[in-house]
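Hello,

Here is the structure I promised to pass on to you. Have a look at it first, and then read my notes below.

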Amino acid sequence: MRYRRLGRAGLQVSELSLGSWVTYHNQVNVNAAVEMMAAAFDAGVNFFDNAEAYAAGESETVMGQALKKLGWHRLDYVVSTKFYWGLPGQHGGINRKNTLNRKYLMQAIDGSLQRFGLEHLDLVYCHRPDPNTPIEETVHAMSDMITQGKALYWGTSEWSAAEIRAAWDIAERHHLHKPVVEQPQYHLFHRRKVEQEYARLYDDIGLGLTTWSPLASGLLTGKYSAGVPADSRGALQDMGFLREGLTDAAKNAAVQQLAPIAAELGGTTAQLAIAWATKNPHVSSVITGASKVSQLQSNLGALAVADKLTPEVMARINELTSQLAD
């Protein structure tokens, strides 16, 4: 395992990390989480990603209980969560969901800490931008989390370059803790934001990236070329919004053409896709997901494939996929 700094921050995270979206609580219980997190940790993974909204808070609870059982030294792992979507509540819950206002954020961090059973979180993200709350209010609240010792670093997820820059400028002007990282979707078919929109931010403010969905929710494994398998993510009832993209004919055809390239490198199409994401020097960590240890181990095999991605191989991959990317 190799490690990269979180943008310009001093924190170092593993090139591959383990996330919990969809899987924890829904497919992975505490015992399974312990098994997978232990296997990841033994392979050098030190970053574990979560979010308040995953399984309505239960994902944080599962990960927290797993961390307690694993008993690792607190300096040896990095754990994150994200705020915006909120949790279900009574009376409409107007200040508990789809917001980044101060009232919500100050209580959301306390709830997450309680579910994790931790004294602090290493990294907290604003899970989406909030057009109804002034960015100044959000920046102050996120900075206060750090000042209070409840979090160590903060960042954003799926914000525009203009929004990230505005938040950074506000923090700079008022001597507050600045956002250091963005968590965008990034894979062979989804590139524009990372490769074009954010381009100036890497040098200008030292933005780091922890990217999600390197396999395009499974599309880049090749498993959807003949439809939606019954045991796949696309078959899950609450993942129906993914099916149109997963069954895209042109993209599935391109994935089939990636398979021989992956085989030449001694890997699978999925490993090739994860490896490709790690080759971007602005990516601090690629967040992977797994519902069983065998999946996790296969994902970790992408590191060996990454070492074989020469400029010539990267050009072949891009020729097959870049025209289909957004």
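This is a predicted model: local features need pLDDT of at least 70, side-chain atom pairs count only at pLDDT 80 or more; totals for chains, interfaces and linings use all residues.

Most residues other than glycine have a negative phi. S213 has a positive one, near 60°. Is S213 buried or exposed? Its relative accessible area is 11%, so S213 is buried, the cut-off being under 20%.

H25 also has a positive phi, about 80°, without being a glycine. You will find H25 in the loop between strand 3 and helix 1. Its relative accessibility is 42%, so H25 counts as partly exposed. Another positive phi, near 60°, belongs to H175, which follows helix 5.

That brings us to helix 5 itself, residues 161–173. The buried residues of helix 5 are A161, I164, A167, W168, I170 and A171. Among the elements covering them are helix 4 (135–147), strand 7 (151–156), strand 8 (179–182), helix 6 (192–197) and helix 7 (199–204).

Next, helix 11, which runs over residues 293–300. Which of its residues are buried? They are V293, L296, N299 and L300. These four lie on the same side of helix 11, because they cover an arc of only 120° around the axis. An α-helix has 3.6 residues a turn, so residues three or four places apart point the same way. The cover over the buried residues of helix 11 includes strand 3 (16–19), helix 1 (30–42), helix 10 (269–278), strand 10 (283–288) and helix 12 (302–306).

Helix 10 is mostly covered too: 10 of its 10 residues are buried. Among them are T269, Q271, L272, W276 and T278.

L272 turns up again in the largest nonpolar core, which has 92 residues. Together with M37, F48, V124, M145, L220 and I317, L272 touches the most other members. What does V124 touch, leaving aside residues up to four places away in sequence? Its contacts are T81, F83, I109, M142, M145, A151, Y153, W154 and G155. There is also a second, separate core of 11 residues, including L6, F47, V181 and I287.

Now for a pair of helices. Helix 2 (residues 58–70) and helix 3 (residues 102–116) pack at an angle of about 45°, and their axes are 7 Å apart. That angle makes helix 2 oblique to helix 3. On the helix 2 side the contact is made by E60, T61, M63 and G64, and on the helix 3 side by S112, R115 and F116.

Finally, G71 lies in the loop between helix 2 and strand 5 (78–83). Its relative accessibility is 56%, so G71 counts as exposed. From G71 to F48 there are 23 residues in sequence and 15 Å in space, C-alpha to C-alpha.

Enjoy exploring it, and do write back with any questions.

Best wishes

Conventions:
Residues are numbered from 1 along each chain as its sequence is written. Side-chain values use heavy atoms; hydrogens and water are left out. Buried means under 20% relative accessible area, exposed over 50%, partly exposed in between (1.4 Å probe, protein chains only). Helices (H or I, at least four residues) and strands (E, at least two) are DSSP runs, numbered from the N terminus. The arc is that of the directions from the helix axis to the C-beta atoms. Contact means heavy atoms within 4.5 Å. A nonpolar core is a set of buried Ala, Val, Leu, Ile, Met, Phe, Trp, Tyr and Cys residues joined through side-chain atoms within 4.5 Å. The expected span of a helix is 1.5 Å times one less than its number of residues. Axes are lines fitted to C-alpha atoms, for helices over the stretch in contact, and angles run from 0 to 180 degrees between N-to-C directions. Angles under 35 degrees count as roughly parallel, over 145 as roughly antiparallel, 65 to 115 as roughly perpendicular and the rest as oblique.
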